[in-house]
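Trainee: I have a model open and some questions about its layout. Can we go through them one by one?

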Amino acid sequence: MEENPIMANVDEELVDEELMEDDLMEVESDEEVMDENPRVAKADAQVQKLISQKRIKDSDDRKVSSEIFDKATLQVLYKLANQGYLDVLNGAISTGKEANVLKGIKDDGSIVAVKIYRIATSDFKKMQYYIAGDPRFNVRSSNKRQLINNWVNKEYRNLTRLKDAGVYVPEAITSLNNVLIIEFIGDEDGNPAPTVKNLPPEDPNDFYEKLVDQMDKFINKANLIHGDLSSYNILNFDEEPVIIDVSQSVVKDHIIAGELLERDIKNISFEFKKMGVDTSIEDLTNRLIKD
Ligand SMILES: Nc1ncnc2c1ncn2[C@@H]1O[C@H](COP(=O)(O)OP(=O)(O)OP(=O)(O)O)[C@@H](O)[C@H]1O
Ligand SMILES: [Mg+2]
């Protein structure tokens with residue numbers, strides 16, 4: 001997030017906690033149970049699979065796997081695999097600043113997107129600031145791990161709320177600690193839909209109209225502001241816009257909602273104007289803000 005005067009309210013001192021094992025109590029107690037449980041063999045096979053995939057990953061993209069598969073994250077993936085949410089991890093879709101998105105394959109062969117937040121590179125001040133101003137999150141934690149969990153939970157809840165309002169976003173499947181599992185947007189061969197940045201629409205006018213319709217529902221039905229909307233966070237799925245990356249999205253009465261909306265409108269009108277669409281900040285503002 002950009003420099004913001006209100007950021008001064010945020011705690012300077014965020015508790016810097018290492019990847020502490022007791023933060024994983026839920027996961028570890030399960031593991032203890034499994035030690036004396038016949039399911040342990042299956043669970044072991046599953047984690048071995050995850051680890052072997054990790055090795056495969058290591059050979060083609062060392063950086064990705066060594067950064068994201070810390071012990072704690074592996075435990076979370078292990079638990080999710082045990083619960084049937086995924087079977088193997090199969091390659092990175094994207095390596096972002098704070099999160100990695102991987103392809104997960106389920107037992108039945110279907111594909112999910114697995115978004116894994118990295119503790120080490122997360123912007124905790126931003127997370128704390130956005131969460132503190134959101135009435136849905138009545139927490140003011142300065143524990144980094146807790147903040148990430150809330151952040152991921154926020155993305156999950158935003159996705160659900162958006163889907164309920166009829167916005168085309170990936171469906172939220174589950175979340176646990178720093179891992180979010182969502183609907184994979186892409187073709188049956190496992191090719192993810194490109195971002196609008198990477199594949200501008202063939203018919204920008206038509207795509208823009210569809211996007212404005214999505215933004216209208218986002219803002220006026222779900223009552224959320226995206227907060228980081230640009231061609232990087234819109235997928236071009238067979239010429240349909242799919243809005244992604246809603247962890248930072250805030251409710252409309254958040255103190256910075258207005259500022260974020262202005263920025264979103266500025267980005268979108270600017271980018272689509274460049275593609276030849278007859279639009280402007282004023283025009284898009286008038287179409288989206290109806291009060
Ligand atoms: N559900 C999905 N299906 C297919 N591809 C996806 C999906 N979600 C994300 N991606 C791909 O992964 C990339 C990164 O996802 P996303 O924008 O959510 O994370 P990010 O930008 O790394 O997040 P942050 O900036 O918060 O660290 C996207 O640009 C897109 O290419
Ligand atoms: Mg993004």
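Trainee: Which domains does the shell around ligand 1 draw at least three residues from?

Mentor: Keep in mind that this is a predicted model. The shell has 22 residues. At least three come from each of two domains: domain 1 (20-183) and domain 2 (204-288).

Trainee: Which residues come nearest to ligand 1?

Mentor: By class, the shell splits into 11 nonpolar, six polar and five charged residues. Strands β1 (88-95), β2 (99-105), β3 (111-117) and β5 (179-183) each supply at least two of its members. Those coming nearest are Ser94, Gly96, Glu98, Ala113 and Asp245.

Trainee: Is β3 largely enclosed or exposed, and why?

Mentor: Take its two faces. Ile111, Ala113, Lys115 and Tyr117 point one way, while Val112, Val114 and Ile116 point the other way. Burial here requires 20 or more other C-beta atoms within 10 Å. Seven of the seven residues of β3 are buried, so the strand is largely enclosed.

Trainee: In which sense do β2 and β3 pair?

Mentor: These two strands form a hairpin, with five residues between them. Gly109 sits in the turn and has a positive phi of about 90°. Asn100 has Ile116 of β3 as its bridge partner. Over seven bridges, the pairing of β2 and β3 is antiparallel.

Trainee: Which residue in β5 is the bridge partner of Ile116?

Mentor: β3 is also joined to β5, by five bridges. Those two strands run antiparallel. On the β5 side, the partner of Ile116 is Val179.

Trainee: Which residues have the most contacts inside the largest nonpolar core?

Mentor: That core has 64 residues. Its largest share, seven residues, comes from helix α6 (residues 144-164). Domain 1 and domain 2 each give the core at least three residues. The residues with the most contacts inside it are Val114 and Val179.

Trainee: Which residues does Val114 touch, leaving out those up to four places away in sequence?

Mentor: Val114 is a buried residue of β3. In soluble globular proteins, nonpolar side chains tend to be buried together. With residues up to four places away set aside, Val114 touches Leu86, Leu89, Val101, Leu102, Gly104, Val179 and Ile181.

Trainee: Where is His254, and which residues does it touch beyond four places in sequence?

Mentor: His254 lies in the loop between β9 (250-251) and α8 (257-274). It counts as buried because it has 20 C-beta neighbours inside 10 Å. Its C-alpha atom is separated by 8.4 Å from that of Tyr130, 124 residues apart along the chain. Not counting residues up to four places away, His254 touches Gly133 and Asp134.

Trainee: Is Ala193 buried or exposed?

Mentor: Ala193 is in the loop between β5 and α7 (204-220). Beyond four places in sequence, it touches Ile185, Gly186, Leu235, Asn236, Phe237 and Val242. Because 21 other C-beta atoms lie within 10 Å of its own, Ala193 is buried.

Trainee: What percentage of contacts with a separation of 6 or more comes from residues 24 or more positions apart?

Mentor: Start with the whole protein. It has nine helices and nine strands. Of its 291 residues, 36% count as buried. For contacts with a separation of 6 or more, the share from residues 24 or more positions apart is 64%.

Definitions and conventions. Residues are numbered from 1 along each chain as its sequence is written. Chains are lettered from A and ligands numbered from 1 in the order in which they are written. This is a predicted model: local features need pLDDT of at least 70, side-chain atom pairs count only at pLDDT 80 or more; totals for chains, interfaces and linings use all residues. A nonpolar core is a set of buried Ala, Val, Leu, Ile, Met, Phe, Trp, Tyr and Cys residues joined through C-beta atoms within 7 Å. A residue is buried if 20 or more other C-beta atoms lie within 10 Å of its own, exposed if 12 or fewer, and partly exposed in between; C-beta atoms are placed from the backbone. Domain bounds come from an automatic or database domain assignment. Two residues are in contact if their C-beta atoms, placed from the backbone, lie within 7 Å. A residue is near a molecule or strand if its C-beta atom, placed from the backbone, lies within 6 Å of it. Ala, Val, Leu, Ile, Met, Phe, Trp, Tyr, Cys and Pro count as nonpolar, Asp, Glu, Lys and Arg as charged, and the others, Gly among them, as polar. Two strands pair if DSSP finds at least two bridges between them.
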